[in-house]
Amino acid sequence: MLKRQIPLAIVFLTGMATLFGWFVDNVVFETFVNDTATQWFDIIASFAMILGSLNLLRVQGEKVLRRKRNWIYSIFAIGGFFFSITVGFLFRGANYVEISDLGPNQGAISEVIASAENIDPKIAAVTLSLVEENEVFEVSRIFITESGAKQLVDDLNANGAKAEFKSKTWGGHILEKGTLFNWMFVYLFTPLSATMFALLAFFVASASYRAFRIRNFEATLLLISGIIIMVGRVPLGSLISPWFVLYLIVLGGGIVSNSYFKDVKRTFQITTGGILVVTIAGFIAGWSPDSIYFLSFPVLQEWIYSVPNIAGSRAIMIGIALGMVGTSLRIILGIEKSFLGE
Amino acid sequence: MMKTLLDIIVKLGSVDRRVIFLIIALVVFLPLIFPVGLTIKPTDTTRRSFEAVDELKEGDNFLMSFEYGPSTKPEVNPMAVAVLNHAFRKNLRVYITCLWPDGQFMAQDVLAEVLPDYDKVYGEDYVLLGYRPGNEAVVKGIESNIKGLYTVDYANTLIDEIPMMQDVNSLSDIDMVFSFSAGYPGTVEWVQYGCDPAGVKLSTGVASIQVNEILPYENAGQVLGIIAGMPGAAEYETMIGKKGFGTSGMDAQSVAHLVIVLFIVLGNATYFIERKRSQKTY
């Protein structure tokens, strides 16, 4: 009863209330959909993140313990997870130095700051000259370790200033540049993510070289559309004259005629005739691209994007939407119980 | 003579894939160092995006949402920079939200790049609300009650203490939304849960791979325009007259695309020659 009926009742009531909220003009339902339900979702989503993290640990940990295939990579996943947790929640790595009194020797102080921030001492001197009396000056460099910040404090105090080191607040340590978390994001996460995505270019080149073959009619359509999109999307495409595209069409016509008639003589006649017609037409039109602009690569790619592509996308979207309606109704009515683990 | 030519084509066709990788690396790398400066002509979708922002009046509320991460940064970041430049030039009040956790870092990077050129005050001219978990529920929350969802901004400043948040309670108080998206949650969620129900204008900048998914919405008028991938970013940069990373990346992308097309042609030529030869053998 507790395990089955109550969850099913909750799903039914919540689902129906959400559904009514969209169709019924009632303040209670509207408030539920627009406000209460979304806030519940936010809270549940936050907990889901914790569950997701635990699940990642469980799956990767199991791989390592049972020495499954490629288990060595799971060690990096677990290590990365704990490193992120540490720099996010346990170790701020965001120390900075505050100077409450610059002291009499501002020239030396500006040199110490310039050395710490790796800037020109003249710039540091100008910055310090703008600091008003009794104003606390914060050195912009962030130190990951306390010892680094302490060293700077010692150097400043040795030159007559009154300096102390502090840590950025929790939360602030994620946002500031130079903190350990920021270092992890900029120097580990960003290059790794970018590398993974950039590898696509190499695989696309290699795969298109080996797999994009004119094997049948569908493959040919795909190939031609792919080439038009690839060339038409970039500035180079607009530099290619539509007359050149017309010549390509004639050559394509020759290939089609050869496949259909299997007669070399006829193919030669069609191709040569086509080339002659295009050349004469080109001379008459003065090879002006505007006269047959509809055949330029950018226009052709725009047409492929906005006509056949949209038609296909819409069909898929409508199919998905109908599937979602069906699945949602099955869940609300308690027919689909996979979320209960059944 | 003919046989030699065919042999050369077949030999080129059986080249090791590491050679292809090297060629691709070179054709991407060289134009970045030695730019050609190809002419960039804006497409209709980019032009519509530009016009949608351009039609806004000074002081209008403009929400930019960051839904991408470091993997798609080279594609989406240039368009975010270009649009923020455009918004600041027009003195729009910019509200920044993030549906992706790493989107907040992307937003901070874009602000850091654009802000030095303008005299803008945080909380009066722009605000970074930051990331909230919940995907489409976040969009729904923004649509119905922004202050219920964002009680503090990214730096934990109370939302009621931020001047430009005083008269903004829900999405209907925003004049236009611009989503920078590289997947889920992104532009589709803004259409379905935010801008359509609230009747707010929406335009988008997306990674090339996502254009297909968004085009039906643009065609139906639910999205005013699309900045599509790096070419779109370059076009937007051209339209605002401020060249950036999008423009400089266009030469590399152009040459890379052309080389891939040449590979396809070569691969097919090899395929046909080998097929013909094998037919003769049997």
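In which sense do strand S1 (residues 95-101) of chain A and strand S3 (residues 162-167) of chain A pair, and over how many bridges? The two strands pair in the antiparallel sense, over 6 bridges.

## Basis of the description

This is a predicted model, in which local features need pLDDT of at least 70, side-chain atom pairs count only at pLDDT 80 or more, and totals for chains, interfaces and linings use all residues. Residues are numbered from 1 along each chain as its sequence is written, while chains are lettered from A and ligands numbered from 1 in the order in which they are written.

Helices (H or I, at least four residues) and strands (E, at least two) are DSSP runs, numbered from the N terminus. Two strands pair if DSSP finds at least two bridges between them.

## Domains

Chain A is assigned domain 1 (5-89), domain 2 (93-175) and domain 3 (201-301); domain bounds come from an automatic or database domain assignment. The centres of domain 1 of chain A and domain 3 of chain A, taken over C-alpha atoms, are separated by 51 Å.

For chain B the assignment gives domain 1 (2-34 + 262-281) and domain 2 (44-243). Between the C-alpha centres of domain 1 of chain B and domain 2 of chain B there are 44 Å.

## The sheet of chain A

Chain A has an open sheet of 3 strands, ordered S2-S1-S3, with antiparallel pairing. S2 and S3 of chain A are at the edges with a single partner strand each, so one side of each has no neighbour in the sheet. Along the pairing of S1(A) with S3(A), A:Asp101 stands opposite A:Lys162, and A:Asn95 has A:Ser167 as its bridge partner. S1(A) also pairs with strand S2 (residues 137-138) of chain A, in the antiparallel sense over 2 bridges; here A:Ile99 stands opposite A:Phe137.

Helix H6 (residues 146-158) of chain A lies across S1 and S3 of chain A and runs at about 165° to S3(A). Contact between two residues requires C-beta atoms, placed from the backbone, within 7 Å. Axes are lines fitted to C-alpha atoms, for helices over the stretch in contact, and angles run from 0 to 180 degrees between N-to-C directions.

## A helix pair in chain A

Helix H3 (residues 71-90) of chain A packs with helix H8 (residues 180-211) of chain A at an angle of about 145°, the axes being 9 Å apart. A:Ser84, A:Val87 and A:Gly88 in H3(A) meet A:Leu180, A:Phe181 and A:Met184 in H8(A). This contact has 4 nonpolar, 2 polar and no charged residues. For these classes, Ala, Val, Leu, Ile, Met, Phe, Trp, Tyr, Cys and Pro count as nonpolar, Asp, Glu, Lys and Arg as charged, and the others, Gly among them, as polar.

## The sheet of chain B

In chain B, 6 strands form an open sheet in the order S3-S2-S1-S4-S5-S6, with parallel pairing. Strand S3 (126-131) and strand S6 (226-228) of chain B are the edge strands, each pairing on one side only. On average, neighbouring strands of this sheet are turned by 15° against each other, direction ignored.

Strand S5 (residues 201-206) of chain B pairs with S6(B) in the parallel sense over 3 bridges, and B:Thr204 stands opposite B:Ile226 in S6(B). H9(B) lies across S5 and S6 of chain B, at about 160° to S6(B). Helix H10 (residues 229-240) of chain B also packs on the sheet, touching S5 and S6 of chain B, and its direction makes about 115° with that of S6(B).

## A helix pair in chain B

The axes of helix H4 (residues 73-89) of chain B and helix H5 (residues 103-114) of chain B come within 10 Å and cross at roughly 50°. H4(B) is therefore oblique to H5(B); angles under 35 degrees count as roughly parallel, over 145 as roughly antiparallel, 65 to 115 as roughly perpendicular and the rest as oblique.

The residues of H4(B) that meet H5(B) include B:Ala80, B:Val81 and B:Leu84, and those on the H5(B) side include B:Met106 and B:Val110. By class, this contact has 7 nonpolar, 2 polar and 3 charged residues.

## The contact between the chains

Chain A and chain B each bring 47 residues to their contact. On the side of chain B that touches chain A, helix H2 (17-33), helix H6 (136-144), helix H9 (211-219) and helix H11 (245-281) of chain B each supply at least two residues. H11(B) gives the most to this side, with 13 residues. The residues of this side of chain B divide into 23 nonpolar, 18 polar and 6 charged.
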